[in-house]
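Reader: I would like a close look at one part of this model. Please keep it brisk.

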Amino acid sequence: YQQLRFRQGLVNALEIHDQYVVFEDGHTLRYDQLVVSLGSEPEFYNIEGLADHALMLKTVPEALMVRDRIDDLVKKLENSEYKLGRIVIGGAGATGVETASELVNSINCHCEKLKLCHGKIEVTLLEAGPNVLGPFPSVLQKWALKRMIELGVNVQTNTVITKVESDNLITKEGNIPFDLCIWTGGVRPNSILSTWGIPKDARGRIIVDEYLKVTGLENVYALGDNTAFTDKNTDKLAPG
C-alpha cells in the first residue's frame, strides 16, 4: 500500500482546468483523475420546522440519538408517565420502510422484556406519494406494504406534511401528534457541490454517463448519492 496516501480535510473548491482541489486551510492537491463521492444531506423540501423537530438517520450519532429517545419513551411507558408512545416516520422510501419495520420488531421485543403490553407504542409511516417504495417495482411495493401491516406499522400514503411542531405534524389531511419524529423523506447532494462549476441537474446532482464520467470532462468521475445517472434501458434515473 505504499502507493496509497490518505489525507483528511474539508475541500472548499475545485479547480477543474488546473486540476487541483483547495482545502479549507488553503492547501491544494493536484490530481490526474478525480472521483467525486461526497454523498448526500437530508432534503427538507422547505417544510417549516422539520429540521428543528425531527431526528435524522444520516450519521451514527443521529442513530444513537434515536435509540436513546426510544429508550426514554419506553421507560416513561413503564413508569406509567405515558399511556401511549407515538413514533412517526416521514418518508416511505427504502430507508423509511426498513426503519419502520425494524423499529416495530425491536420495540415488540423490548416491550416483552419489560412486560409491557403490546400496542402501547404506535409506529406510523407517512408517505406523500401514493405508494411505499416509490422507485421500486409494484410487486415489491405491494409485498412491503402487506408485510408492514402484518408487523403492525400504521402506513399512511398520500399524506403531505406542511409543517412540523415540537410534538405535532401538520398535514394537508389533518394533524398527527407524536412523541418522536424521524425523517427519512429524501436526500439531496452535498451542498458544497453548488459552488463547483461542473454539470449538474435541476436538483444539484452531478450528471454522469454510463462510465460514471462527468459530462464534458475527461478526467473527472462521480458516483453515489451526489450523481444523476440515467439508465438507458429504462430512460429513468437510477437510485443513488
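In which sense do β7 and β8 pair, and over how many bridges?

Author: A word on the source comes before the answer. This is a predicted model, in which local features need pLDDT of at least 70, side-chain atom pairs count only at pLDDT 80 or more, and totals for chains, interfaces and linings use all residues. Residues are numbered from 1 along each chain as its sequence is written, and side-chain values use heavy atoms, with hydrogens and water left out.

β7 and β8 pair in the parallel sense, over three bridges. Pairing requires at least two bridges found by DSSP. Strands (E, at least two residues) and helices (H or I, at least four) are DSSP runs, numbered from the N terminus.

Both strands belong to an open sheet of four, ordered β8-β7-β6-β12, with parallel pairing. β8 (154-156) and β12 are the edges; each has a single partner strand, so one side of each lacks a neighbour in the sheet.

Now look at Leu 125. Leu 125 stands opposite Val 155 in β8. Its contacts (heavy atoms within 4.5 Å) include Ile 89, Val 97, Met 148 and Val 155, leaving aside residues up to four places away in sequence.

Leu 125 is also among the residues with the most contacts inside the largest nonpolar core, which has 25 residues. Such a core joins buried Ala, Val, Leu, Ile, Met, Phe, Trp, Tyr and Cys residues through side-chain atoms within 4.5 Å. Buried means under 20% relative accessible area (1.4 Å probe, protein chains only). β7 (121-126) and β6 (85-90) are among the elements that each supply at least two residues of this core.

Key: Buried < 20%, exposed > 50% of the residue type's maximum accessible area, 1.4 Å probe, protein only.
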